[in-house]
Amino acid sequence: MNLCKKYILTIVILITVMISGCRGSVPLYYIDPNVDFSFFKNVAVLPLDNLTNNKASAEIVRHMVISELLATGLVNVVIPGEVMSAINELGIRNISSLNKNQIKTLGNTLNVDAVIMGSVEQYGDIKSGSMSAPEVTITLMMADIASGNIIWSISLTRGGLDFMSRHFGAKTETMSEVVQGVVREAIQTLLAY
Amino acid sequence: MIKDTTIKERRFFLIRALSAFFILMACVSGCAFGNGMKHYTRPGVDTNSIDKIAVLPFENFTSDKFSDEKIRSLVIIDLISRGVDVIEPGEVRGLLKEMQLRSLNSITSRHFKQIGEILKVQAVMTGSVGVFKVSRGATVSYPEVSISLILHEAETSDILWSAWHTTGGAGFWERHFGAEGKTVDETAKILIDDILDTLY
């Protein structure tokens, strides 16, 4: 009987350790409760601000966002070239400081219902002692073209070393998997609504 | 008699301990998974009916200067092996030069239409290479490749199909037992094959 109790205790400890190794951070996001998102059929993803040292991170994340949005099957996404062409045509120099009027004009030029903008804040390896693991932080926002208001916004971080990787050498995600995970999680909050 | 019982108990304990170890290993190796590929195919479009494609040069977001051309070649070879008629890369490059396209990122619907008319193709493929390198993990090095592909209808520039996929990372055996992993090129070939399986 005592032996049985010991095994049960060991299994409980193992399960606790395993659970603590799997990530479960809660995303910080805002979604306008008064907006019907099924109305948005055509969306443009603007170039993202790159706040990292990796020159290509913003474009990598942008391509991922476009791909994930398309994969949902709920929206059509304007091709990136059209977006760049409209931005140049309207003489917009700084995407991060668009005002309501510019958002409306850009949206109308592209003939979309909403635009997605944002930034990549962290894109690189985080060191912890002798080990390192990729970590990505992104912020995405969706603006309604009709009103120019932000109707969805999310900031997410994913990656880094978890308990199992640090102590048992468990598989850490690659940078690409981290990017895919963070973007997918962000888009899921929109879908869940 | 006492000795027999002790040996039995020890064996029993050893078997249980080994079982717990393997369960733990299975769980540890499973924690990082769950990033399956998602792709988009435009509703009502039969991509199998597209038999002539122009593959434009890819955007390169990596530090390897030639990764875009390497991946593009692999994509073209894979498409040809699936019976798709692919326009010669030189012909595409010449046309883009003629059209004075400064950046691949600035291709508009007008350009797609022009490319379609001149090269007489139904669809135009664009893409980008996000990662193409040997990455260093916590304890081992491993190949990592990620690419994004988009197929546009030449006439309307509508996106017919799109996929983003990544592969690589050290597996259980590489991490714990030092088994030899795949090369970057092998990883890229597998990745492209997986992606194009969703198209044709």
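Author: Two residues are taken to be in contact if their C-beta atoms, placed from the backbone, lie within 7 Å. Please keep in mind throughout that this is a predicted model. With neighbours within four places in sequence left aside, B:Trp161 is in contact with B:His39, B:Tyr40, B:Thr41, B:Arg42, B:Thr47, B:Leu151 and B:Leu199.

Reader: Where in chain B does B:Trp161 lie, and how far apart are the C-alpha atoms of B:Trp161 and B:Tyr40?

Author: B:Trp161 belongs to strand S7 of chain B, which covers residues 159-168, and although B:Tyr40 is 121 residues away along the chain, the two C-alpha atoms are separated by 5.3 Å.

Reader: Is B:Trp161 buried or exposed?

Author: A residue is called buried if 20 or more other C-beta atoms lie within 10 Å of its own. B:Trp161 has 24 such atoms within that distance, and is therefore buried.

Reader: How should I read a pair of packed helices, and at what angle do H2 and H6 of chain B pack?

Author: In chain B, helix H2 (residues 67-81) and helix H6 (residues 184-197) pack at about 50°, their axes being 10 Å apart, which makes H2(B) oblique to H6(B). H2(B) passes H6(B) in a right-handed crossing. On the side of H2(B) the contact is formed by B:Ile71, B:Leu74, B:Val75, B:Asp78 and B:Leu79, and on that of H6(B) by B:Ala188, B:Lys189, B:Ile192, B:Asp193 and B:Leu196; by class, these residues are seven nonpolar, no polar and three charged.

Reader: At roughly what angle do H2 and H6 of chain A cross?

Author: The axes of H2(A), residues 57-72, and H6(A), residues 175-192, cross at roughly 45° and come within 10 Å, and the two helices are therefore oblique to each other. Their crossing is right-handed. Among the residues that make the contact are A:Met64 and A:Glu68 of H2(A) and A:Val183 and A:Arg184 of H6(A), and the contact as a whole has nine nonpolar, two polar and two charged residues.

Reader: What confidence does the predictor give to chain B and to the complex?

Author: The mean pLDDT of chain B is 85, with 84% of its residues reaching 70 or more, while the complex has an ipTM of 0.75 and a pTM of 0.80. Over residues 30-34 of chain B, however, pLDDT stays under 50, and the model has eight contacts beyond four places in sequence for that stretch. Where pLDDT is low, predicted coordinates should not be read in detail.

Key. Residues are numbered from 1 along each chain as its sequence is written. Chains are lettered from A and ligands numbered from 1 in the order in which they are written. This is a predicted model: local features need pLDDT of at least 70, side-chain atom pairs count only at pLDDT 80 or more; totals for chains, interfaces and linings use all residues. Axes are lines fitted to C-alpha atoms, for helices over the stretch in contact, and angles run from 0 to 180 degrees between N-to-C directions. Helices (H or I, at least four residues) and strands (E, at least two) are DSSP runs, numbered from the N terminus. Angles under 35 degrees count as roughly parallel, over 145 as roughly antiparallel, 65 to 115 as roughly perpendicular and the rest as oblique. A crossing is left-handed if the near helix is turned anticlockwise from the far one by less than a right angle, and right-handed if clockwise. Ala, Val, Leu, Ile, Met, Phe, Trp, Tyr, Cys and Pro count as nonpolar, Asp, Glu, Lys and Arg as charged, and the others, Gly among them, as polar. A residue is buried if 20 or more other C-beta atoms lie within 10 Å of its own, exposed if 12 or fewer, and partly exposed in between; C-beta atoms are placed from the backbone. pLDDT is the predictor's confidence in each residue, from 0 to 100.
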